[in-house]
Amino acid sequence: MKISLSRLPVGFEGTIVEINAPHELRERLFGMGFIKGQRVKAIRRAPLRDPVVYSIKGSEISLREELSSRIVVESRFLSLDLAAPGEYIVVSLIGGRRFLEKMSFIGISKGNKISVTSSFSRGKYVKVNSTDVFIPFRQAMRIIVEEL
């Protein structure tokens, strides 16, 4: 699935497929190694979610969201808030003990198969173990899934 680099989950890789930036900015990104076909990995995110450190060609480069949102990557992994209707497998849950307990209570844990049934402005409806569950976007952003 194609997503902007700024939406790539921390700890996961993607392949750059497109850079939507003016010529001067694109040249600057080329100079840092952000070229089409190159693998890039999100390493860590600042406490306020911006900037993000990426690993590319053995170097670690920090980019602000404004710039990284102009880079499109292809990745099998995405956060649940970006998932289109379909089937997915839960790869990772990012959160503290209470978040993990809440997800476990509704049947979402690492390795589980879930189906996104519909999306609304405030969240996603997900089918877990034949039960429909509403997950708000803030929580869906912390659930990393892989397309099946």
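**R76 and E146.** A salt bridge here is a side-chain nitrogen of Lys or Arg within 4 Å of a carboxyl oxygen of Asp or Glu. The pair links distant parts of the chain, 70 residues apart: R76 is in the loop between β6 (71-74) and β7 (77-79), E146 in strand β12 (residues 143-147). Helices (H or I, at least four residues) and strands (E, at least two) are DSSP runs, numbered from the N terminus. E146 counts as buried, at 18% relative accessibility. I take buried as under 20% relative accessible area, exposed as over 50%, and partly exposed as in between (1.4 Å probe, protein chains only).

**Ground rules.** This is a predicted model: local features need pLDDT of at least 70, side-chain atom pairs count only at pLDDT 80 or more, and totals for chains, interfaces and linings use all residues. Residues are numbered from 1 along each chain as its sequence is written, and side-chain values use heavy atoms, with hydrogens and water left out.

**Other salt bridges.** I searched the whole structure and got seven salt bridges. One of them joins the side chains of E13 and R39 at 2.8 Å, N to O. This pair also links distant parts of the chain: E13 sits in strand β2 (residues 13-19), R39 in strand β3 (residues 39-45), 26 residues apart. E13 is partly exposed at 37%, and R39 is partly exposed at 40%.

I then checked R97, which bridges to E101 at 3.0 Å between the closest N and O atoms. Both lie in helix α3 (residues 97-105), four residues apart, about one turn of the helix. R97 is exposed at 60%; E101 is partly exposed at 44%.

**Sheet.** I traced six strands in an open sheet, order β7-β12-β8-β9-β10-β11, with antiparallel pairing. Two strands pair if DSSP finds at least two bridges between them. β7 and β11 (131-136) are at the edges with a single partner strand each, so one side of each lacks a neighbour in the sheet. Between β8 (residues 86-93) and β9 (residues 113-120) I noted four bridges. E87 stands opposite S115 in β9.

**Surface patch.** F120, Y125 and F134 form a nonpolar surface patch, with about 280 Å² of accessible area together. Areas come from the Shrake-Rupley method with a 1.4 Å probe; for residues, only the protein chains shown count as cover. Patches are made of residues with over 30% relative accessible area and no salt bridge: like charges are joined within 9 Å, nonpolar side chains (Val, Leu, Ile, Met, Phe, Trp, Tyr) within 5 Å. Y125 lies in strand β10 (residues 123-128) and is partly exposed at 32%.
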